[in-house]
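Hi,

Here is the structure I promised to pass on. Have a look at it first, and then read my notes below on what came out of it.

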Amino acid sequence: MPYRAPVSDFRFLLNHVTDFAAVTATDKFSEATPDMTEAILTEAAKMCEEILAPLNRSGDLHPARLENGVVRTSPGFADGYKAIADGGWIGMSADPDNGGMGLPMTLTTAVNDMMSAACLSLQLNPLMTQGQIEALEHHASQELRDLYIPKLISGEWCGTMNLTEPQAGSDVGALRSKAMDNGDGTYAISGQKIYISWADNDFTQNVCHLVLARLPDGVPGTKGISLFLVPKFIPDADGHPGQQNSLRVVSLEHKLGLHGSPTAVMEYDGATGWMVGPENGGMAAMFTMMNNARLGVGTQGIGVAEGAYQHALHYAQDRKQGKAGGSGSIIEHADVRRMLAEMKSDIFAARAIAMMCACAIDMTTATGDATWRARAAFLTPIAKAFGTDTGIKVASTGVQVHGGMGFVEETGAAQYLRDVRVTAIYEGTNGIQAMDLVARKLMDGGEAARLLIEEVQAGSEAARSSNKELAEAVWQAAEDLRETTDWLVAQTDLNQRFAGAVPYLAAFARVLGGHAHLAAVIHGDAARARLATFYIRRLLPEVSGLLAHVREGADDLLAITPEDLAA
């Protein structure tokens, strides 16, 4: 079925839920006027609907392949990438001095959401490049910035990041890749990296790899890691791709999904690279790329959820089965209606959280204010984990709506589930996101968390006069969340926090979703109000059970021995 970009949802979230008005009121983002915003959403929607969406199935059925050391991409992907590059969508938030648009991350997030729904396999390519641009803007030398960033923004070149090794997954500090100083401002990079998304293609002139490696005197662990820019082709004196570098794609992974996105094992054999940032400062530089990439991955989950939902909705409207009134289609059955309502209301909640996070990032960029910085940092793991969990849940429910036909590949329902499953794993697993939330993000004594909770409760207070029941439900859920946050902050043994980290993140997301839906009751039309009522009455009560889980701590969990689990 054709994909229809949810532009009306973005308009509503920008106008009634997020802090986008504050973003556009800053000098930094004053050019993001309502007319500009509408043009961005409209044009991006058109590209996604007409050019990218038709490629989604092709990428699944005709995967990228490795031929004689060169990756051959899925049919139509080259044209799809050209449309993305020619439209300027890669450099939306990049510095205008380098050819970017300088637009808010909030708008980039909306566009990435639409592109992910249309064709996630292809959208992964510009997402990686966007992260590399940001890392270079903050940490690279002026010479590197001048040479690489304009070509990355234009789409002539594209970027990757290389962290993982066979023995070093989430424990990046265990990496073994080495860097030797060549004495001329370059370094010789050697080692193997795995799970490298879009490590090669046949439609850009160059592929630029950001590679983590250790200098000979680098101390063990993450503190001894440096970051290097290692291009596939070494630029010549004129800045054009020249000599082939000493690197190669060893193989492509055979994956559950995302078949159109080549995921490679990379081998570096004394490859020429340039240091980005200071010696042993690689993790700080890479995290500049990874933090916004985490928001980007959460957005991918939301986009795929939207695609899966629309696919399931179309099937439910068309499929005749059983005795049902009205249209006679399965959408008339109460349980099918429930599934679709859960899908749609969760997507709205997850999308609202992602857009809140993006706005906080924009306000941090525009003002440098520490409160906004803390808010963005706190929302990032929630946006990543809840966005991707929602993608997986919605895509799985989409298969269920299809019934037996969902288990048949020809319907396309299963592709959404296969494609989105990895998003809960890469850019930091969702468990790691939750552990970060209850540990590092609560190091301020819970201040950032409480400010968000207070905002939710203030919104609930304002809504009491028009809808007391729903406003009270959201206020009480937020109050329970505040009390549990205080309990977590009081725990000095981190295991007591970690045992309930995942349910705490889920509960926080549920409450933020209730806040967004309550705004839809106040400012939306009747359809939005009915969906919001469903969410607040039926899904928000999950918060009580989630928080009970959190407050149990770790003792009973850790009392279960490995032998118990193997029995």
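Let me start with how much of the protein is tucked away: 58% of its 567 residues count as buried. Please keep in mind that this is a predicted model.

First, the overall build. The protein has 20 helices and 11 strands. Its radius of gyration is 24 Å, close to the 24 Å that the globule rule gives for 567 residues, so the protein is as compact as a globular protein of that length. Along the principal axes, the C-alpha atoms fill a box of roughly 70 × 60 × 55 Å. Looking at contacts with a separation of 6 or more, 74% of them are between residues 24 or more positions apart.

Next, the surface and the charges. The accessible surface is about 22,600 Å², and carbon and sulfur atoms account for 53% of that.

Side chains of opposite charge can pair when their charged atoms come close. How many salt bridges does the structure hold? The count is 29, and three of these pairs are described here.

- Asp9 and Arg528 form a salt bridge in which the closest N and O atoms are 2.9 Å apart. Asp9 belongs to helix H1 (residues 7–16) and Arg528 to helix H17 (residues 526–539), so this pair ties together parts that are 519 residues apart in sequence. Asp9 counts as buried because its relative accessibility is 10%, under the 20% cut-off. Arg528, with a relative accessible area of 15%, is buried too.

- Asp436 and Arg440 meet through their side chains, with 2.6 Å from N to O.

- Glu67 pairs with Arg72 in a salt bridge, and the closest N and O atoms here are 3.7 Å apart. Glu67 is partly exposed at 32% relative accessibility, and Arg72 is partly exposed with a relative accessible area of 32%.

Back to the Asp9 and Arg528 pair for a moment: which other residues join them in a network of salt bridges? Asp113, Glu306 and Arg351 are linked with Asp9 and Arg528 in that network.

Best wishes

Note on methods: Residues numbered from 1 in each chain as written. Predicted model: local features only at pLDDT ≥ 70, side-chain atom pairs only at ≥ 80, totals over all residues. Heavy atoms only, no water. Helix = DSSP H or I, 4+ residues; strand = E, 2+ residues; numbered from the N terminus. Rg over C-alpha atoms; globule rule 2.2 N^0.38 Å. Buried < 20%, exposed > 50% of the residue type's maximum accessible area, 1.4 Å probe, protein only. Contact = heavy atoms within 4.5 Å. Areas by Shrake-Rupley, 256 points an atom, 1.4 Å probe, with all protein chains shown as cover. Salt bridge = Lys/Arg side-chain N within 4 Å of Asp/Glu carboxyl O.
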